[in-house]
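Please look over the sequence and the structure before reading the points below.

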Amino acid sequence: MLKENYFHKIKELPEIIKQFGGLVIMIIIVISSFAILNNIFGEGDELVAKMKIEEERIAQARKLDKLISSLPSGILVSFDGTDHFRLTNEVYEKVCNATKLIPQRAIMGANFLNFRAHELYTMNGNQISETFVKWDSEKNKCFAGFVVSGKNVGIDETITVSGEALSFLSTGIDTRVYFIKNF
């Protein structure tokens, strides 16, 4: 009896109120469904943290690109006594962090002082396993190097050649290690 009376009152309501009530119920159902799905499948906090890290990386890359494009083309050095463009200590660190490339010229110059590394490099067809450019906060210097391996020619030997990156080559688009002091 109570149900019939209740349904009868709903039937007597104007059409606009019935439609508005239906809309409110649909909104509640949709929001509830998304809340349930978010609890089941949601990685909200983890996803937001990953997105923030990616945004910071992109912002940092843009700053480094802006820095690199503002540098003059040519050889950039970290020391006095040369006609090349001298980097301030702050810019030297930023250029080091922005540099990822070590060209053949720098590798051959560093190899010249390490005979065994040069031998492996020649035997394995001039292949480099890995290159790296890293800023050392304790020494306030940039270090660059590469790893030469003889595994592809049957020699179980790996040599890491590294040293201070004293100069860089700016192309206007990127920077490259120009000279590695490894003695």
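The structure is a predicted model. The protein contains 6 helices and 6 strands, and along the sequence these follow the pattern α-α-α-β-β-α-α-α-β-β-β-β. Its radius of gyration is 32 Å, whereas the globule rule gives 16 Å for 183 residues, so the protein is more spread out than a compact globule.

**Overall dimensions and contacts**

- Taken along the principal axes, the box filled by the C-alpha atoms is roughly 100 × 45 × 30 Å.
- Of the contacts with a separation of 6 or more, 53% are between residues 24 or more positions apart.

**Surface and charge**

- Of the 183 residues in the protein, 26% are buried.
- The accessible surface amounts to about 13,000 Å², and carbon and sulfur atoms account for 60% of this area.
- There are 21 positive and 22 negative side chains in the protein.
- The centres of these two sets of charges are 3 Å apart.

**Helix α4**

- Helix α4 spans residues 89-98, and its buried residues are Tyr92, Val95, Cys96 and Ala98.
- When α4 is viewed down its axis, these buried residues fall within an arc of 165 degrees, so they line one face of the helix.

**Ala49 in helix α3**

- Ala49 is located in helix α3, which covers residues 44-70.
- The relative accessible area of Ala49 is 37%, so this residue is partly exposed, lying between the limits of 20% and 50%.
- Between Ala49 and Cys142 there are 93 residues of separation in sequence and 30 Å in space, C-alpha to C-alpha.

**Two asparagines with positive phi**

- Asn126 is not a glycine, yet it has a positive phi of about 60 degrees.
- The loop that holds Asn126 lies between α6 (115-123) and β3 (130-136).
- Asn126 has a relative accessible area of 43% and is partly exposed.
- Asn140 also has a positive phi, of about 50 degrees, although it is not a glycine.
- Asn140 is found in the loop between β3 and β4 (141-149).
- Is Asn140 buried or exposed? With a relative accessibility of 51%, Asn140 counts as exposed, because the cut-off is over 50%.

Definitions and conventions. Residues are numbered from 1 along each chain as its sequence is written. This is a predicted model: local features need pLDDT of at least 70, side-chain atom pairs count only at pLDDT 80 or more; totals for chains, interfaces and linings use all residues. Side-chain values use heavy atoms; hydrogens and water are left out. Helices (H or I, at least four residues) and strands (E, at least two) are DSSP runs, numbered from the N terminus. Buried means under 20% relative accessible area, exposed over 50%, partly exposed in between (1.4 Å probe, protein chains only). The arc is that of the directions from the helix axis to the C-beta atoms. The radius of gyration is taken over C-alpha atoms; the globule rule is 2.2 Å times the number of residues to the power 0.38. Contact means heavy atoms within 4.5 Å. Accessible areas come from the Shrake-Rupley method with a 1.4 Å probe; for residues, only the protein chains shown count as cover. Lys and Arg count as positive and Asp and Glu as negative; His and the chain ends are not counted. The place of a charge is taken as NZ of Lys, CZ of Arg, CG of Asp or CD of Glu.
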